[in-house]
Amino acid sequence: MKRCSAVASRWTWPALWVALALIRGLLYAAVVPPWQAPDEPGHFEYAWHIARLGRLPAPGEILPEFEKELLGSLYSWHYGEFIDRPLPERMPERISDLPPDIFARHSRTLPGGRFSLAYLWAAGFMAPLIHEDLSVLLYLARASSVILNAMVIALAWAIFREADLPVGWAVAATGFLVFWPQHTFINASVNEGPMAELWATLALWGWIRLFRRGLCPLGLAAVIGGTGLALWTKNTAAPLIPLSVLYAAAGGYRIFRSKRRWGWKLTSGAALAFLLFNAALLSFRTPVGRWIQKALRSFEPTNMSGKGLPTVDWAFGLTVESLWARFGWMNVSAGWLWYGTVYLLLAVALEGWVLPRSRRWQVPAWMVGVMGAFLAFSVAGWMLFVLGVPGGRYYAQGRYMFPAAVPLAFFLAGGWGRWVPEGWEGMRIFGFILLWAVLDAVAFAFTMLLYFYGG
């Protein structure tokens, strides 16, 4: 009886968080009007063609009936009104005939053949009902993203427990991911982000397992599989390439540091092995590999002061806001008071790490290093692209750093817990989750609902 009770207790929190992630994700997916998420029409177009054709379409292989139906759906759902860019009074024949300022014209991936594994996942949900109205298929594709997000939440819990975090810390960090408005919004729409985040999180779980347990087949398989699949999913997986080399070098030296005469040889060998592994992945012409080659050819440091581009402070401000809550096509702002509250919580978390009032929530230095490196490489990769590639500032969106969502949750929940004085264990958990739940509810009800349904 006691054993059964212990097993039930161990699964209570993860089951609760996964259930809430599914409920909230489906709620977001249902409430947000069709086509009102970044690049959603373009991602849907590629997935729809896979489901309709029963195979991968050739680049630019676009069925005329789809274009007519999509344009009709855009008009039916008042697409232009929501983004303050009205559609032409007369509906064109082709999507490419839309005015240049209409986002749906430029958010397409099929014409250029930019494939992602995420399209196969979404197509699988649409295929049984492929002849239904596009709006029905869109909601099915959104539901597929919600399921991926629930998997991320489950894997996040596994990471926090694998790292042997205090249970309260793991509960608070996972709860933050569940009640993160922008994270839920993006992961309840049709795009490659949820799957890329899932594979990146799997790779992170594998690395933490290797650091904690030493060389083990399951951890190694998670690292190799997660990294490889992420590179076939979305460009935001690019930081996994240098990260895997860094982790391999650090892990090799850490495991064998007691054998000093072999330590550096093993470290060099592990780093070289993962460097060759990443080079092999890129040589297979993964989507990320092609994107990196193109970005390197177009890299231009003068982009930092380039004429005609948005300013650096604009790009930084939009990225920070859209990391937390900026809905629609990044045009639905939560307001200065909402963001100010979030920034205050961030400052409290930072202060908790620098000057902790409680040291009961402690973790090994290697854990902080693994999480910190993952977060730092994701931010650095975003900055390098936005500030160094021509036109990069137009990609100033926080969602591109979502592959590092789990490390961010780790630092936020941990900093908050260390800030709270000793003896306030309940406050660490309940207070942190309650604050984010309230912020989420406010953003959902008074920002998104009012914008889309407030008349």
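**Figure 1. Lining of the largest cavity in the predicted model**. In this predicted model, the largest cavity is lined by His43, Ala47, Ala118, Tyr119, Trp121, Ala122, Ser144, Ser145, Leu148, Val190 and Asn191. Two or more of the lining residues come from each of H2, helix H6 (117–126) and H7. The greatest contribution is that of H6, which supplies four residues to this lining. By class, seven of the lining residues are nonpolar and four are polar, while no charged residue takes part. In total, the structure contains five cavities of 30 Å³ or more.

**Figure 2. Lining of the second largest cavity**. The volume of the second largest cavity is about 70 Å³. Its lining is made up of Ile186, Asn187, Asn191, Gly193, Ala196, Glu197, Lys234, Thr236, Arg399, Phe402 and Pro403. Helix H10 (residues 193–213) is the main contributor, with three residues. The lining of the second largest cavity comprises four nonpolar, four polar and three charged residues.

**Figure 3. Helix H3 and its span**. Helix H3 is formed by residues 64–76, 13 residues in all. From the first C-alpha to the last, H3 reaches 19 Å, close to the 18 Å expected at 1.5 Å a residue. Just after H3, the backbone at His78 adopts a positive phi of about 55°.

**Figure 4. Buried and exposed faces of helix H3**. Phe66, Glu67, Leu70, Leu71, Ser73 and Leu74 are the buried residues shown in H3. These residues lie on the same side of H3 because they cover an arc of only 160° around the axis. Exposed residues Pro64 and Ser76 are carried on the face of H3 turned away from the buried side.

**Figure 5. Helices covering the buried residues of H3**. The cover over the buried residues of H3 includes helix H2 (40–53), helix H4 (79–82), helix H5 (103–106) and helix H7 (134–162). Of these helices, H2 and H7 also give two or more residues each to the lining of the largest cavity. Among the H3 residues that are buried are Phe66 and Leu70.

Definitions and conventions
Residues are numbered from 1 along each chain as its sequence is written. This is a predicted model: local features need pLDDT of at least 70, side-chain atom pairs count only at pLDDT 80 or more; totals for chains, interfaces and linings use all residues. Side-chain values use heavy atoms; hydrogens and water are left out. The expected span of a helix is 1.5 Å times one less than its number of residues. Buried means under 20% relative accessible area, exposed over 50%, partly exposed in between (1.4 Å probe, protein chains only). The arc is that of the directions from the helix axis to the C-beta atoms. Contact means heavy atoms within 4.5 Å. On a 1 Å grid over the protein atoms alone, a cavity is a set of points where a 1.4 Å probe fits but cannot get out, and a pocket is an open set with protein on both sides within 12 Å along at least five of seven lines; lining residues have an atom within 4 Å of a point. Grid points are joined across faces, edges and corners, and a volume is the space filled by probe spheres set on the points. Ala, Val, Leu, Ile, Met, Phe, Trp, Tyr, Cys and Pro count as nonpolar, Asp, Glu, Lys and Arg as charged, and the others, Gly among them, as polar.
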